[in-house]
Amino acid sequence: MTGLNHLEGFIKYLSDSKGSSNNTLSAYRRDIACFFDFMSSCNIDVSSAQTTDVSDFKAYLVEKGFSPSSVSRAMSSLRTFYKYLQMNGIVSENPAKTVKNEKVQKKSFEILTAKEIELLLSKPNVTELKGIRDKAMLELMYATGMKVTELVSLDVKDVNLSLGFVVCHGEGAQKHDRTIFLYPTAVSALKHYLDSTRKILAVDSGDALFVNINGSRITRQGFWKILKAYAVKAGINKSITPHMLRHSFATHLLENGADIHDIKEILGHSDISSTQVYAEYIKSRIKDSYLKFHPRA
């Protein structure tokens with residue numbers, strides 16, 4: 001069995017047994033394929049790799065300018081890959097087990113202010129088919145805090161406008177579905193879209209909720225371009241991303257008194273520590289404001 005066969009078997013194992021998302025599978029594939037290329041250049045078989053070989057690969061990534069988070073992810077990918085090979089009796093030891101990750105600084109993030117959100121949501125031209133669709137997508141993203149992959153994966157059946165909620169299908173091993181209630185403006189925007197734009201565009205597109213001008217399911221990249229275009233129109237001078245809307249949603253809820261455990265459930269976090277970053281962000285912002293404006297700070 002060749003190294004590539006091992007890789008395909010590993011990816012199938014992650015997909016079938018672990019329920020890993022497509023994005024996760026792509027990341028594993030890239031990391032391990034890169035390792036294969038490195039080992040091939042050293043004339044070393046993947047199944048014969050030693051800890052020193054994995055350490056050399058890590059040093060190679062650092063020299064090539066990979067970020068600490070990318071290097072750490074690659075090491076984690078290799079640990080999981082060799083664990084799979086061990087489980088299947090292909091190797092006896094895991095050469096990546098003792099190779100430490102790069103030290104990764106805590107990720108900082110940026111949010112949109114409430115005023116910037118209002119500006120952004122006001123930019124789609126709701127007298128045009130495309131603007132009606134874009135307004136519905138933007139309102140839904142800010143109303144739910146869902147990821148862009150979750151947004152574009154939605155089907156019409158996932159939306160219940162009479163009761164005002166959407167069923168979001170989570171990613172990853174648990175694939176936990178969560179019901180998220182919508183504010184009235186989001187419900188209205190979705191109803192307008194379903195009653196007009198989608199009826200015209202989605203002639204042969206199946207069940208997809210959001211479609212492009214060709215009637216096909218809209219893609220992550222498609223939504224990203226739409227978002228950036230409206231940010232420019234709104235005069236928002238930030239490097240906007242779909243995830244920035246998610247961060248803004250969670251931070252604004254917390255600032256306005258929502259319970260952090262409720263936010264955790266809405267976002268689909270498996271651990272409260274993932275949600276606590278928003279509380280830490282607010283505290284940090286208050287501290288910065290204090291130090292900046294207090295006359296004796």
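**Salt bridges and exposure in a predicted model**

Mentor: This is a predicted model. In it, Asp158 and Lys157 form a salt bridge, with their closest N and O atoms 3.6 Å apart.

Trainee: Why is the contact between Asp158 and Lys157 called a salt bridge?

Mentor: The cut-off is within 4 Å, from a side-chain nitrogen of Lys or Arg to a carboxyl oxygen of Asp or Glu. The Asp158 and Lys157 atoms are 3.6 Å apart, so the pair qualifies.

Trainee: What makes Asp158 buried or exposed?

Mentor: Its relative accessibility is 4%. Buried means under 20%, so Asp158 is buried.

Trainee: And what about Lys157, buried or exposed?

Mentor: Lys157 has a relative accessible area of 63%. Exposed means over 50%, so Lys157 is exposed.

Trainee: Which residue does Glu8 meet in a salt bridge?

Mentor: Arg29, at 2.6 Å from N to O. Glu8 lies in helix H1 and Arg29 in helix H2, so the pair ties together parts that are 21 residues apart in sequence.

Trainee: Why is Glu8 called partly exposed?

Mentor: Glu8 has 40% relative accessibility.

Trainee: How many salt bridges does the structure hold?

Mentor: Twelve.

Key. Residues numbered from 1 in each chain as written. Predicted model: local features only at pLDDT ≥ 70, side-chain atom pairs only at ≥ 80, totals over all residues. Heavy atoms only, no water. Helix = DSSP H or I, 4+ residues; strand = E, 2+ residues; numbered from the N terminus. Buried < 20%, exposed > 50% of the residue type's maximum accessible area, 1.4 Å probe, protein only.
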